[in-house]
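Please read the points alongside the view.

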Amino acid sequence: MSSKNYLGLFGSLLVIAGAMSPMLHVPIMGNWNYWDLHTGMASVVYVVAGLGVLASVSGRDGLLKFAGWAEVVLILLTLLAIYLKVNDSFSFIPFKKLAKAATGLVKYRWLGWALLAAGSVIMLIASRRGSKKVKVVG
């Protein structure tokens, strides 16, 4: 295996570690990781990260690039969905300041998000093709 393969494997493992890390802190309920947020999306993230591991080990740059971009899209969709859900969860409270204070109690745990983002970017970097070397004859 080349260094690009190890880099892609490292990125895929970072995505898996990020998905298992706390991503959100909800009062009374505690820290939530990807599986606690949404089991369907978490399953897709784990399967795509597994594809990244498989692509890294087999040396398939196209599959690794697909897995990296799929992870980026899934992370952004999840972050957007969580943001909208948190800001909408307390809309039933008729007092605006109280609803905003309740929304402020839900905290993001950025380590899990950072690991996910770093892993997917590393997967994309590892999937780049090497530069073509010009052979000088003479």
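**Notes on the model**

1. The structure holds 1 salt bridge. This is a predicted model, and the points below should be read with that in mind.

2. The partners in the salt bridge are D61 and K4, whose closest N and O atoms are 3.5 Å apart. D61 belongs to helix α4 and K4 to helix α1, so the pair ties together parts that are 57 residues apart in sequence.

3. The model has an open sheet of 3 strands in the order β2-β1-β3, and the pairing is antiparallel. The edges are taken by β2 (30–32) and β3 (107–108); each has a single partner strand, so one side of each is left without a neighbour in the sheet. In general, strands of a sheet pair through backbone hydrogen bonds, either parallel or antiparallel.

4. Strand β1 covers residues 24–26 and pairs with β2 in the antiparallel sense over 3 bridges. To locate this pairing in the view, take H25, whose bridge partner in β2 is N31.

5. The largest nonpolar core has 23 residues, and those touching the most other members are V15, Y34, V45, W113 and L116. At least two residues of this core come from each of α1 (3–20), β1, α3 (39–58), α4 (61–89) and α6 (110–126). Which of these gives the most? It is α4, with 7 residues.

6. Apart from neighbours within four places in sequence, V45 is in contact with V15, A19, Y34, E71 and L74. Of these contacts, V15 and Y34 are themselves listed with V45 among the core residues that touch the most other members.

7. The largest pocket holds about 330 Å³ of space. Its lining is made up of 17 residues, and L24, W32, L37, K85 and V86 lie nearest the centre. Both β1 and α4 supply at least two residues of that lining, with the largest share, 6 residues, coming from α4.

How values were computed. Residues numbered from 1 in each chain as written. Predicted model: local features only at pLDDT ≥ 70, side-chain atom pairs only at ≥ 80, totals over all residues. Heavy atoms only, no water. Pairing = 2+ DSSP bridges. Helix = DSSP H or I, 4+ residues; strand = E, 2+ residues; numbered from the N terminus. Core = buried A, V, L, I, M, F, W, Y, C linked by side-chain atoms within 4.5 Å. Buried < 20%, exposed > 50% of the residue type's maximum accessible area, 1.4 Å probe, protein only. Contact = heavy atoms within 4.5 Å. Salt bridge = Lys/Arg side-chain N within 4 Å of Asp/Glu carboxyl O. 1 Å grid on protein atoms, 1.4 Å probe; cavity = no way out; pocket = protein on both sides within 12 Å on 5 of 7 lines; lining within 4 Å. Points joined across faces, edges and corners; volume = space filled by probe spheres on them.
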